Amino acid sequence: MKITQRQLKQIIREELAREMQEPGPPNLRLAEDLVESCGTCKFFCPKTGTCKAFGGVSVLAEEVCNAWKGWS
């Protein structure tokens, strides 16, 4: 699939607008171990790769933030 320069600019504008509206997860970073990571957090949606605690912002399962909560 080829993306035109105009389409790319629109995508970037939309992403920037979304990021400015929703604060992201605090101190989002790559996890040191996968036991405490977005992939094991109760707020993570694996189908969409998003965090329900922060308005559906995209995150990787291998990342973690200061708001991590396990299922127990």
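User: Is proline 25 buried or exposed?
Analyst: In this predicted model, proline 25 is buried, because its relative accessible area is 12%, and the cut-off for buried is under 20%.

User: You mentioned Cys65. Is cysteine 65 buried or exposed?
Analyst: Cysteine 65 is buried, with a relative accessible area of 10%.

User: How many disulfides are there?
Analyst: The count comes to zero disulfides. Cysteine 45, for instance, is in no disulfide, and the nearest cysteine sulfur, which belongs to cysteine 51, is 10 Å away.

User: New topic: which helices and strands does the chain have, and in what order do the elements run?
Analyst: The chain has one helix and five strands, and from the N terminus on the elements run α-β-β-β-β-β.

User: What about asparagine 27, where is that one?
Analyst: Asparagine 27, like proline 25, is found in the loop between helix H1 and strand E1. Its phi is near 55°, which is a positive value in a residue other than glycine, and at 46% relative accessibility asparagine 27 counts as partly exposed.

User: Where is aspartate 33?
Analyst: Aspartate 33 is placed in the loop between E1 and strand E2, the latter covering 44-45. With 42% relative accessibility, aspartate 33 counts as partly exposed, and its C-alpha atom is separated by 9.3 Å from that of valine 64, which is 31 residues away along the chain.

User: And glycine 70, what is it in contact with?
Analyst: Leaving aside its neighbours within four places in sequence, glycine 70 is in contact with Thr40 and Lys42. Glycine 70 belongs to the segment after strand E5, which covers 63-64, and glycine 70 is partly exposed, with a relative accessible area of 21%.

User: Zooming out, what is the radius of gyration of the chain?
Analyst: The chain has a radius of gyration of 14 Å, whereas a compact globule of 72 residues would have one near 11 Å. Along the principal axes, the C-alpha atoms fill a box of roughly 45 × 25 × 20 Å.

User: How much of the chain do buried residues make up?
Analyst: Buried residues make up 21% of the 72 residues in the chain. The chain exposes about 5,800 Å², and carbon and sulfur atoms supply 58% of that area.

User: Last one, how many positive and negative side chains are there?
Analyst: There are 10 positive and 9 negative side chains in the chain, and the centres of these two sets lie 9 Å apart.

Conventions:
Residues are numbered from 1 along each chain as its sequence is written. This is a predicted model: local features need pLDDT of at least 70, side-chain atom pairs count only at pLDDT 80 or more; totals for chains, interfaces and linings use all residues. Side-chain values use heavy atoms; hydrogens and water are left out. A disulfide is a pair of cysteine sulfur atoms within 2.5 Å. Buried means under 20% relative accessible area, exposed over 50%, partly exposed in between (1.4 Å probe, protein chains only). Helices (H or I, at least four residues) and strands (E, at least two) are DSSP runs, numbered from the N terminus. The radius of gyration is taken over C-alpha atoms; the globule rule is 2.2 Å times the number of residues to the power 0.38. Accessible areas come from the Shrake-Rupley method with a 1.4 Å probe; for residues, only the protein chains shown count as cover. Lys and Arg count as positive and Asp and Glu as negative; His and the chain ends are not counted. The place of a charge is taken as NZ of Lys, CZ of Arg, CG of Asp or CD of Glu. Contact means heavy atoms within 4.5 Å.
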